[in-house]
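Hello,

Here is the structure we spoke of handing over. My notes on it follow below the files.

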Amino acid sequence: MANLAKAKVGSDRNRTFLLILIPVLILFVAFNTFPLLTGVFYSFTDSKGYGAFNMVGLQNYIDLFGDARVGNSYLFTFKVAVVSTLITNVISLVLAMGLNSKIKFKSAFRALYFVPQILGALVVGYVFSYFFTYIVPALTGTGSILASTEWAWVAIVVVCCWQSIAQTTIIYITGLQSVPEDVYEAGNLDGATGWNLFRYITFPLIMPSVTTNMVLVMKNMLMVFDQIVAMTSGGPAQSTESISYLIYNNGLSGGQFGFQCANAVIFFILIAVISVAQTKFLNSREEQL
Amino acid sequence: MAKDAFGAKVKEKVNWPVTILLLIGLITIIFPLYMAVVIAFKDPSEMTNDIAGILSLPSSWSLDNFIEAIQVTDFFNSFLNSLIITVVAVVISVLVHSIAAYAIGRNMDSKKLFKWSYYFIVAGMYVPFAILMMPLVKQTAILHLDNMVGVMILYVVFYMPMNMMLYTGYLRNIPIALEEAARVDGASTWTTYWKVIFPLMKPMHATVAVLTGLAVWNDVMTPLVIMGGQGVNTLPLAQMSFQTAFSTNYNLAFASYLLAMLPMIIFYVFAQKQIINGVTNGAVK
Amino acid sequence: MLNKPISRRSLLGLGAAAAASTMLPGCSDGRSDGKTEVEVVCYKQEAVSIFEKLAEEFNATHDDIYLNFTCPADAVTIMKTRFVREDYPDVIGIGADGDYASFTDSEIFADVSDCPTMDEVQDAYKEIQKSVTYVPLDGYYAVPYVANAAGMLYNVDMFNEHGWDIPQTWDELIDLCKQIQSEGEVLPFYLGYLDTWTILSPWNSITTNLVPSDLARQVNAGEAKFADYYRRPAEMMLEMLDYAEEGPFAYSYNDACTAFARGQAAMYPCGSFAVPQIKSVNPDMNVGLFPMPSADNPDDRIVVSGIDLQWCVSKTCDHIDAVYEVIKFLSEPENVQTYIDDQNAIPCLDGNFDIPELFDGVQENLDNGKLLDYLDHTYPSAMACDAQLQTMLLSGDIDAFLSKWDTDWQRYNRSVIRKVEAYEEQQ
């Protein structure tokens, strides 16, 4: 084997990489791309998801662009996603640095701050509904924001952030751990401290984690669904209907499968484009060691 | 703390201000957890709709709810199914996704095929599950994968985009010089990967394992549509029985959620150690 | 050497497959004991223990048929996925609701008019079943089993203690509410309008008394508009808000049930289906039900009652006699009695049943068949009619509500309206 490698190092290396890539791509195409294409096909039908259906051409897409409810769901979803992504990332990064510093009870802290990720949607929904319905009004003397068409989205943001901070923090901690100790020592020798150490040394080195987290959190927030079901079911007055909520609720329970497939296709294209742009922008700020 | 794996670092001063700030921040975690625990011990007739009532301690700390939850969910069987699915999905994900990310990550700057493969796979993350669901139900049935094996395969595919991102991001922090050294010594790409790169990515393996494991452990939709109604339950599937159309038994449900949560916390604590150990190993290199 | 990664991976996969397949139950077609298997998938998960007991009894007394009865969680999703796989259970147990209409429209079920049990079904429920499908169908596509009822739930002991009378008209109801309010001890109503579906309950009960029963079909046929009929019910819904807790849109169904069970409100405009949740908080509570007094003439009051469970037989089933045998067994009077006692249900079958106390206040309607189905069973669920009602109650803008309703109806019912047109042409 060593002889082989010596003989044709370059092409052998390429062959190995291709032999890894191709089966993985086949698996991915079979269980992601192929069903997606089936879904795209359904977007040209009036299918309910099961049973007989008719081809309706572009009707679903035409309806989609004239549907105010779908339009509102896009506005709501993007509003929640942008706000939550920023809040989650800032808090998570601060939390990760805190959990990564020389603190007491480190393991216990890390385990406890991880809990929101594990609690099921039923528990989170119940606890936070309770919090907004009874506790917040008692403290502030105002009505529940869950009943306010203007402010209910804030409640959704709070719950989304609370749940996603755990995962985001883990990724930041991993990123911080990968920064070699000697880089800090060098920085210390140069007299960099506090904010400067973070701004010029830590932050650039964890840029890959920042990219990953921005994209991942954005994606999770754009797909917000569980929290909506658990907290508001799209209310009050349809003010918190997210795109995924519409796709799922109307597509699978509501018999609008074909129409919501069209919605899903548009949604997919839109966020894929956004995230490629986001990745390109953030990647350009990363440095390869 | 003295027996911590940090060795020399233990001597460094504890950062008390940060510790105290973190303690204060814990209120946001402890409060919901407290509510969940208290509700899990209460009887449905103790449920109220005012603040004092809901925050009060249960009238007795009886384990009845937990015992009933174990019976209703057929806990040990459901637990075992969940465990098998999670462990298999996580192990395969770590092995397959990391090597795929290596192949792609090391070539995406120079070769178009790899670059496009990267974007192709990562874009898969944005496909709403609702659109895949019905087609996958049909597809898995045709392939006779409407069972636990099918669910595991689907998880490996579903979490490939996220893990691909995580691994390729991490690979950027691993200097290429290390592999080149190994290659000069005559090691094949394959050997180089398993001997040099794979161990170096240990912290990321732990992270991927935690994130994938957790998502799989909590997921209810995939097993529901792929293998629901066949009498083989995962824990989240079994937990659905606490919610019927017009009534929800929160007390039993919370008890069973707390039971289901414990293994994941233990797993996470172990994985955390791996993240730290992995880095100390890496630093010695 | 290069094959190693692949073979190692496939080995792993095979290992996993082998490990998992030993844990799966064997394929169930073709029983080794020669019995005919009848598979029933039922959505009444809350009644699972009753049906398990009945199935056990059935299997002990029948040596030619094996009854496999399951009530999985989220059964409707499971049914849909099985339809996608074209793996149809012999019998589907669901309510006569939107899903039933949609399944029937997909031509999944067989005509069961020839099922002997069908002769025992009360006419009122045959009518109710007929009213659910998109277009009137010849024959029957399910055997009705039990029903629920909606109207006004009330705290019987509280009413007796205070000497309050059951209101017969809308004015009497409002007077009662004012009286309760002035006494100041409890609220007239506690509403859980955060959960939009709960709004449909009073809406159905109120509206049924004020609109033609086939209004939706008239609209689909282009003969009427909702706006002509829905103003008065909308006003009544708004009026009820004055007698409920502050900001009912913040409170959930669960909160409302808890408040009612704890005696914080005298009445709860909901249905018999809410009683188990209420009783879980207060097991000793004495709950009653009276018809929603929204009719102009108290004698015309209609109780909303829907078929909560009915047996549909799949078209592909090739052992229909065995299936009918199962349905006959389930419909035996003592078995129905067991079910209605445990689940607080109303039997759809003729016979001398001991109907649960809860329904004492609507007995007259049950006896005379003055029953109509839930209106919302004809509403397309994608239209989110409940959310539209919530919007109206929040803004108080009835005009906007009415015009949006008629516009949206045309949009979300397009395929149904097409079917109706085709049906009308055929006639």
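Predicted model: local features only at pLDDT ≥ 70, side-chain atom pairs only at ≥ 80, totals over all residues.

**Notes on the model**

Pro236(A) sits in the loop between helix H11 (226–231) and helix H12 (243–253) of chain A, where helices (H or I, at least four residues) and strands (E, at least two) are DSSP runs numbered from the N terminus.

Residues are numbered from 1 along each chain as its sequence is written, and chains are lettered from A and ligands numbered from 1 in the order in which they are written.

**Other points in chain A**

Phe105(A) is in the loop between helix H4 (68–100) and helix H5 (106–118) of chain A. The phi angle of Phe105(A) is near 50 degrees, a positive value in a residue other than glycine. Phe105(A) counts as partly exposed because it has 14 C-beta neighbours inside 10 Å; the scale is buried for 20 or more other C-beta atoms within 10 Å of a residue's own, exposed for 12 or fewer, and partly exposed in between, with C-beta atoms placed from the backbone.

Helix H7 (residues 152–177) of chain A has 26 residues and reaches 38 Å from its first C-alpha to its last. That is close to the 38 Å expected at 1.5 Å a residue, the expected span being 1.5 Å times one less than the number of residues. H7(A) has a kink of about 35 degrees centred on Ile165(A), where the bend at a residue is the angle between axes fitted to the seven residues ending there and the seven starting there. Of the 26 residues of H7(A), 23 are buried, so the helix is largely enclosed by the rest of the structure.

Thr193(A) is in the loop between helix H8 (181–189) and helix H9 (194–205) of chain A. Thr193(A) counts as exposed because it has 10 C-beta neighbours inside 10 Å. From Thr193(A) to Met214(A) is 21 residues in sequence and 26 Å in space, C-alpha to C-alpha.

Chain B is divided into domain 1 (1–62) and domain 2 (74–284); the bounds come from an automatic or database domain assignment. The C-alpha centres of domain 1 and domain 2 of chain B are 29 Å apart. Each of these two domains of chain B gives eight residues to the contact between them, a contact being two residues whose C-beta atoms, placed from the backbone, lie within 7 Å. On the side of domain 1 of chain B there are six nonpolar, no polar and two charged residues. The classes are Ala, Val, Leu, Ile, Met, Phe, Trp, Tyr, Cys and Pro as nonpolar, Asp, Glu, Lys and Arg as charged, and the others, Gly among them, as polar.

Between chain B and chain A, the contact takes 81 residues from chain B and 83 residues from chain A. Helix H15 (residues 250–284) of chain B supplies the largest share of the chain B side, 14 residues. The chain B side has 61 nonpolar, 15 polar and five charged residues.

Between chain C and chain B, the contact takes 35 residues from chain C and 33 residues from chain B. The elements giving two or more residues to the chain C side are helix H1 (4–21), helix H3 (75–84), helix H11 (253–261) and helix H12 (275–281) of chain C. H1(C) gives the most, with six residues. By class, the chain C side has 19 nonpolar, nine polar and seven charged residues.

**Chain C**

Chain C holds 18 helices and 11 strands. Its C-alpha trace spans about 80 × 55 × 45 Å along the principal axes. Of the 427 residues of chain C, 49% count as buried.

Chain C is divided into domain 1 (36–149 + 305–375) and domain 2 (150–303 + 379–426). The C-alpha centres of these two domains of chain C lie 26 Å apart, and the contact takes 19 residues from domain 1 of chain C and 24 residues from domain 2 of chain C.

Ala384(C) lies in the loop between S11 and helix H16 (385–395) of chain C. Phi of Ala384(C) is near 55 degrees, again a positive value in a residue other than glycine. Ala384(C) counts as buried because it has 25 C-beta neighbours inside 10 Å.

Regards
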